[in-house]
Amino acid sequence: MTRRSLRVRLWIAAALSIGVALIIAGFGLVALFERHVERRIGDELTSRLNQLADALVVDANGNLVVDPAPSDPRFRQPLSGLYWQIDRTGDGAQRRAGLLRSRSLWDAVIALQADSLEPGAVHTHRLPGPAGQRLLVRERGVSVRVAGNTVSLRLMVGIDRAELIAARRAFATDMLPYLALIALLLGLATLVQVRAGLAPLESVRRGVGAIRSGQTPRLSGDYPDEVMPLVGEVNALLAAREQAVERARAWTADLAHGLKTPLSALAADAQRLREQGNPLLAADLDQLAEGMRRRVDRELIRARVRSSAGIREARADSVEAIRRLLRTLQRTPEGGRIAWQLEAPRAAFAALMPDDLLELLGNLLENAAKWARNRVVVQVHADAHIRIRIADDGPGVPVNELPRLGERGLRLDQRKEGSGIGLAIARDVVDAYAGRLDFANAAEGGLEVQVRLPLAP
């Protein structure tokens, strides 16, 4: 498959879309997890903040104290990551005078942002903490009576966000295998989807192949709506092709029939010249008329075998066709002097129309009879194809001329009569039925013709 392959393009598009979707899903899930955990931690901080407010009292000396102190041992461990602090609102001197904090802060102070807090309101901040920590902070404002005066306080509880970050990384690590599994499942689903999506095109390809091989005249079947316009256009093209072929066949037939009368006149003129004592001119006219007749016959054959008419029902016994032709050739002067050796099974049916098979084998056997000295061997084998070998003991053909055999009008030896189109007709027939025609020098000394034809179903 190449970059122009539709399958490759679909796979690339699917891989990109799956990759982008999984990346977005991964980041989205991590962000959602982080938000959820942060909300839970924030709720826990709010609960601790409320406990801190409940423990805030004024002692006998009129000082603010926290009694009892929060019980979490992390509040007593220096730089543990969990802190509380109580600050008095007002100017800096008042704030420092009224500062209370957990032992975990040691000698550090969390610098709270300037914030207007309504009594009972809870605000959330992200603030720098001791030892370079980043804290998630919840704070609220409260008012207490101290020595007859109302004092506004800011209560803060904070926790190091490193725990949140570690939980996020652990979640992402645990999620990777599941994302890989999802990618695998999506890849399998893409495989099924691509196959199912391209299956109609493969069906069209097989249908076109069946049309080309003559098994069916049209594309037929239950195709998706998106493919039906293509099927309709292909069938319309086939119909137009058949009409064009039929017109060409009709024109060729009309031309052939139109030439019959002039050819008959030429034959009559040749006979009169012969009777008047001019045999050389008569022979020239006979040869000219015969060449024209053979060319007309060739065009009629080409028009028939190059059309699709009748190919689907093509079936002919090659062995019986050879026997019929040999019986005819043995009654001719050239064929009667030759020993014909036939090696064949009882029957071997080729996927050719009977007339076309007779035309093909007739030209090949006539050519062998023309050049053979004493013997012609004909062998027929039937396996996956019909294979026919015709070998004579004649002079053969130079090796460099073998590829040219079957060219229109080619005559390598002018010593014998002929138009040079017999082998060309044979090649036309073989090509029309997707067969193969090969030439070589035979072990018998002459020309060997190997014919491979499709086997009839």
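Arg154 is buried, with a relative accessibility of 8%. In this predicted model, the side chain of Arg154 makes a salt bridge with Glu139, and their closest N and O atoms are 2.9 Å apart. Arg154 belongs to strand E7 and Glu139 to strand E6 (residues 134-146), so the bridge ties together parts that are 15 residues apart in sequence. Glu139 is buried as well, at a relative accessible area of 0%. Both values fall in the buried class because that class covers anything under 20%.

## Other salt bridges

The structure holds 16 salt bridges. One of them joins the side chains of Glu34 and Arg168, at 3.2 Å from N to O. This pair links distant parts of the chain, since Glu34 is in helix H1 (residues 6-55) and Arg168 is in helix H3, 134 residues apart. Glu34 is buried, with a relative accessible area of 17%, whereas Arg168 is partly exposed at 25%. Glu34 and Arg168 also belong to a network of salt bridges with Glu38, Arg126 and Arg161.

Arg387 and Asp383 form another salt bridge, with 2.7 Å between the closest N and O atoms. Here Arg387 is partly exposed at 33% relative accessibility, and Asp383 is partly exposed at 40%.

## The cavity

The structure has one cavity of 30 Å³ or more. The space in the largest cavity is about 40 Å³. Its lining consists of Ile41, Leu136, Ile159, Asp160, Arg161, Glu163 and Leu164. Strand E7 (149-160) and helix H3 (162-212) each contribute at least two of the lining residues. Arg161, one of the lining residues, is also part of the salt-bridge network.

## The loop between H3 and H4

Tyr223 sits in the loop between H3 and H4. Tyr223 is buried, with a relative accessible area of 8%. Leaving aside residues up to four places away in sequence, Tyr223 touches Pro200, Ser203, Val204, Met228 and Val231. Pro200 is 23 residues from Tyr223 along the chain, and their C-alpha atoms are 6.4 Å apart.

Leu230 is in helix H4 (residues 228-275). At 42% relative accessibility, Leu230 is partly exposed. Together with Leu6, Leu10 and Leu201, Leu230 forms a nonpolar surface patch with about 320 Å² of accessible area.

## The chain as a whole

The chain contains nine helices and 14 strands. Of its 457 residues, 38% are buried. The accessible surface is about 26400 Å², and carbon and sulfur atoms account for 55% of that area. Among contacts with a separation of 6 or more, 62% are between residues 24 or more positions apart.

Methods
Residues are numbered from 1 along each chain as its sequence is written. This is a predicted model: local features need pLDDT of at least 70, side-chain atom pairs count only at pLDDT 80 or more; totals for chains, interfaces and linings use all residues. Side-chain values use heavy atoms; hydrogens and water are left out. Patches are made of residues with over 30% relative accessible area and no salt bridge: like charges are joined within 9 Å, nonpolar side chains (Val, Leu, Ile, Met, Phe, Trp, Tyr) within 5 Å. Accessible areas come from the Shrake-Rupley method with a 1.4 Å probe; for residues, only the protein chains shown count as cover. A salt bridge is a side-chain nitrogen of Lys or Arg within 4 Å of a carboxyl oxygen of Asp or Glu. Helices (H or I, at least four residues) and strands (E, at least two) are DSSP runs, numbered from the N terminus. Buried means under 20% relative accessible area, exposed over 50%, partly exposed in between (1.4 Å probe, protein chains only). Contact means heavy atoms within 4.5 Å. On a 1 Å grid over the protein atoms alone, a cavity is a set of points where a 1.4 Å probe fits but cannot get out, and a pocket is an open set with protein on both sides within 12 Å along at least five of seven lines; lining residues have an atom within 4 Å of a point. Grid points are joined across faces, edges and corners, and a volume is the space filled by probe spheres set on the points.
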